[in-house]
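I opened my notebook to this protein chain today and kept a list of what I looked up. Here are the entries, in the order I wrote them.

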Amino acid sequence: MNNDIAYDEETLPNVFTIAFEHCWAPFRWAFEISPWRNDSRDIVAFVQWIAARGGRLVGFNNLGFDYPILHYLLQMGQADAPTLYAKAMAIIQSNDDEEAGRFFHMVKPADRRVPQIDLFKVHHFDNRARSTSLKALEFAMRSDHVEDMPIDHGTVITLDQLPVLKSYNAHDVSETKKFYHYSLEAIKFREELAAKDPGKDWLNFSDVKIGVEFFLDKLEAAGVQCYTYGPEGRKPRQTRRASIALRDAILPWIRFDNPEFNRVHQWLLQQTITETKGVFENVTASVGGVEFVFGLGGIHASVENEVVRADAENDIVDIDVEGYYPSTAIAQGFKPAHFPAIFSEIYAGLKAERAKHPKGTSINKALKLAGNGAYGNSNNQFSPLLDPMMTMQTTLNGQLLLCLLVEQLIKIPNLRMIQANTDGITVKCPKVARAHLSAVVQWWEGITKLKMEFAEYEVMCIRDVNNYIARYTNGKVKRIGAYEWKHEKDGGRLRWDQNHSSLVIPKVAEKVLLEGAPIRETVEQWSDLYDFLLRVKVPRTSRLVSMTEAWGDTEFPLPNTTRYHIAKEGVRLFKRMPPLKGKTEWRRIGVESGWNVRVCNAIKDADRGSVDHDYYIREVEKLVNRLS
């Protein structure tokens with residue numbers, strides 16, 4: 001780790017630059033291959049020097065882009081910029097092809113001339129739902145500068161532009177180094193796994209990938225074949241299904257007395273699906289004063305636009321199962337059809353084995369990830385765990401089993417349903433009925449073979465099922481959706497893949513709802529300038545521009561990723577979007593329509609004194625005033 005070096009490349013038709021920065025010391029190196037200079041041999045020698053010292057190269061999407069180009073250069077020993085640009089274009093074009101195309105240019109771990117750490121993969125940003133750019137991370141890390149590529153990648157560089165390109169290259173390396181230090185805990189965890197099993201590329205596995213690999217290792221150690229091997233290499237064993245009759249997925253002993261739940265149950269039993277997406281559109285049941293919405297990801301129900309408080313007669317009780325879906329699959333013996341019965345034994349054994357290892361150890365965490373990954377990959381078309389039937393068994397029965405619990409709980413006099421959300425439910429229960437509630441839960445645990453956990457809230461401020469804030473009786477706070485500004489499990493901040501814009505809004509809303517703070521005074525006295533900042537991003541096919549009345553129709557181009565705050569005086573932001581199909585005119589769409597902004601990609605350009613508090617006050621009021 002002490003010899004880790006961050007790096008990044010810029011590849012253009014006639015210029016290739018590569019910059020390095022030591023992750024633990026103030027040392028920087030920069031090289032170029034251009035019409036004016038060719039450092040290709042020096043680059044090769046420098047990388048060889050790093051490898052000889054036991055160093056590692058740290059990048060952001062380096063396994064998918066930077067390292068294949070660097071490896072290409074290392075193989076040749078020297079190259080010119082057009083050759084490396086052609087390689088870069090081949091990589092980009094392959095990424096646009098079928099899913100397998102993106103792997104074509106990747107270099108296998110055993111073939112790499114120097115070890116790699118790809119922070120893009122470590123944080124699972126290669127998952128479309130979590131995709132996050134380095135520019136978004138610069139915003140989230142509150143960097144002094146948020147810089148977008150100042151020159152189009154297809155540009156033939158002039159000598160005057162070269163310093164601009166090299167400065168941007170160095171900036172990206174420094175930001176990668178900064179994110180590396182935020183990632184040290186994740187890297188150390190992977191190093192511990194690599195020390196125990198050096199045969200896999202643990203350093204570049206996401207948490208999900210670690211869990212799956214760990215579980216597959218357990219299966220293969222027990223003699224279960226996860227892959228087949230032939231002339232075309234290794235292929236995952238899978239069960240693919242042309243259709244699934246949901247009757248075959250639903251546990252046969254589930255029965256409902258409640259007419260609404262029974263209606264949904266009977267409807268599901270009649271369905272046959274050909275794919276898992278879009279199965280539960282508009283499937284709802286009105287029970288206990290709330291509407292239950294069924295979906296592939298889970299069941300959802302909630303009161304809306306309300307503040308619910310515990311009082312002298314009533315508790316707010318939250319009841320859920322940790323790792324509900326994996327636990328359900330284990331308890332009911334759901335498994336991919338192509339695996340023998342021992343699959344379920346190994347799956348069930350993960351939790352018991354985990355209990356033998358102290359919390360915080362790498363083996364404990366890996367076993368937890370293994371339990372989650374096994375169910376999650378049952379619908380992954382590239383995984384040996386693929387069997388959509390297991391997915392449907394788990395999600396369908398998980399929802400219906402929760403409905404069985406709800407059906408019995410609403411029979412308790414004066415109990416009120418507050419929420420249901422995938423893995424549990426929240427109720428307002430009379431204190432005198434707590435024993436009754438416990439008895440119902442014990443009954444449910446008996447029929448499902450699952451174990452519920454209890455927590456109590458002091459207050460819940462609920463806009464809807466996806467947006468609420470709640471304080472537990474121990475003082476801890478749960479924040480969901482629009483009220484989120486940090487997570488206890490993520491170092492006291494939002495996840496990196498979430499939008500970190502204008503955090504003053506949920507922070508002030510929390511103080512208003514939970515502490516009774518005044519809105520305007522709290523916003524106006526808020527001292528953290530970064531909490532007022534926002535970020536906008538437009539795709540490469542579009543443009544971001546600013547305008548003012550003084551300029552008339554003149555547009556001033558801005559970087560496609562731009563940081564700003566709402567300002568009393570400033571410019572207006574617009575997205576310039578390509579014409580719609582059949583049209584020729586570009587569209588102009590306002591960003592923060594009706595409000596002036598101050599662009600501050602360089603933080604020195606931000607001005608706390610010019611912040612227009614009215615914008616932020618209005619947004620706080622949206623989170624607060626509608627709650628009765």
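**Contacts and conventions**

I count a contact when heavy atoms lie within 4.5 Å. On that basis I found that residues 24 or more positions apart account for 66% of the contacts in the protein chain with a separation of 6 or more. I note that this is a predicted model, in which local features need pLDDT of at least 70 and side-chain atom pairs count only at pLDDT 80 or more, while totals for chains, interfaces and linings use all residues. I number residues from 1 along each chain as its sequence is written, and side-chain values use heavy atoms, with hydrogens and water left out.

**Overall build**

I looked up the secondary structure and found 18 helices and 26 strands in the protein chain; helices (H or I, at least four residues) and strands (E, at least two) are DSSP runs, numbered from the N terminus. The radius of gyration is 28 Å, close to the 25 Å of the globule rule for 628 residues, so the protein chain is as compact as a globular protein of that length. For that entry I took the radius over C-alpha atoms, and the rule is 2.2 Å times the number of residues to the power 0.38. The C-alpha trace spans about 85 × 70 × 55 Å along its principal axes.

I then checked the surface. The accessible surface of the protein chain is about 29,200 Å², and 50% of it belongs to carbon and sulfur atoms; the areas come from the Shrake-Rupley method with a 1.4 Å probe, and for residues only the protein chains shown count as cover. Buried residues make up 53% of the 628, where buried means under 20% relative accessible area, exposed over 50%, and partly exposed in between.

For charge, I found 79 positive and 81 negative side chains, with the centres of the two sets 3 Å apart. Lys and Arg count as positive and Asp and Glu as negative, with His and the chain ends not counted. I placed each charge at NZ of Lys, CZ of Arg, CG of Asp or CD of Glu.

**The cores**

Which residues have the most contacts inside the largest nonpolar core? They are Phe215, Leu219, Phe292 and Ile425, in a core of 90 residues. A nonpolar core here is a set of buried Ala, Val, Leu, Ile, Met, Phe, Trp, Tyr and Cys residues joined through side-chain atoms within 4.5 Å. Helix 14 (residues 388-409) gives the most to this core, twelve residues. Another core lies apart from it, with 43 residues that include Val459, Cys461, Phe532 and Val591.

I followed Ile425 further. Beyond its neighbours within four places in sequence, Ile425 contacts residues including Val317, Ile319, Leu402, Leu405, Leu409 and Met417.

**Methionine 452**

Methionine 452 sits in the loop between helix 15 and strand 18 (453-464). At 4% relative accessibility, methionine 452 is buried. Among the residues it touches, not counting those up to four places away, are Ile319, Asp320, Leu402, Leu405 and Trp444.

**Helix 11**

Is helix 11 (residues 324-332) mostly covered or mostly open? Mostly covered: eight of its nine residues are buried, among them Tyr324, Tyr325, Pro326 and Gln332. I traced what these buried residues pack against and listed helix 12 (342-355), helix 13 (362-376), helix 14 and helix 15 (434-448). Glycine 333 follows helix 11 and has a positive phi, near 75 degrees.

Most residues other than glycine have a negative phi. I noted two that go the other way. Threonine 422 has a phi near 65 degrees; threonine 422 lies in the loop between strand 16 (416-421) and strand 17 (424-430) and is partly exposed at 21% relative accessibility. Serine 502 has a phi near 40 degrees, in the loop between strand 20 (477-480) and helix 16 (504-515). Serine 502 is buried, at 9%.

**Valine 264**

My last entry is valine 264, in helix 10 (residues 259-269). Valine 264 is buried, with a relative accessible area of 2%. Leaving out residues up to four places away, valine 264 touches Val283, Thr284, Ala285 and Phe294.

Conventions. Buried means under 20% relative accessible area, exposed over 50%, partly exposed in between (1.4 Å probe, protein chains only).
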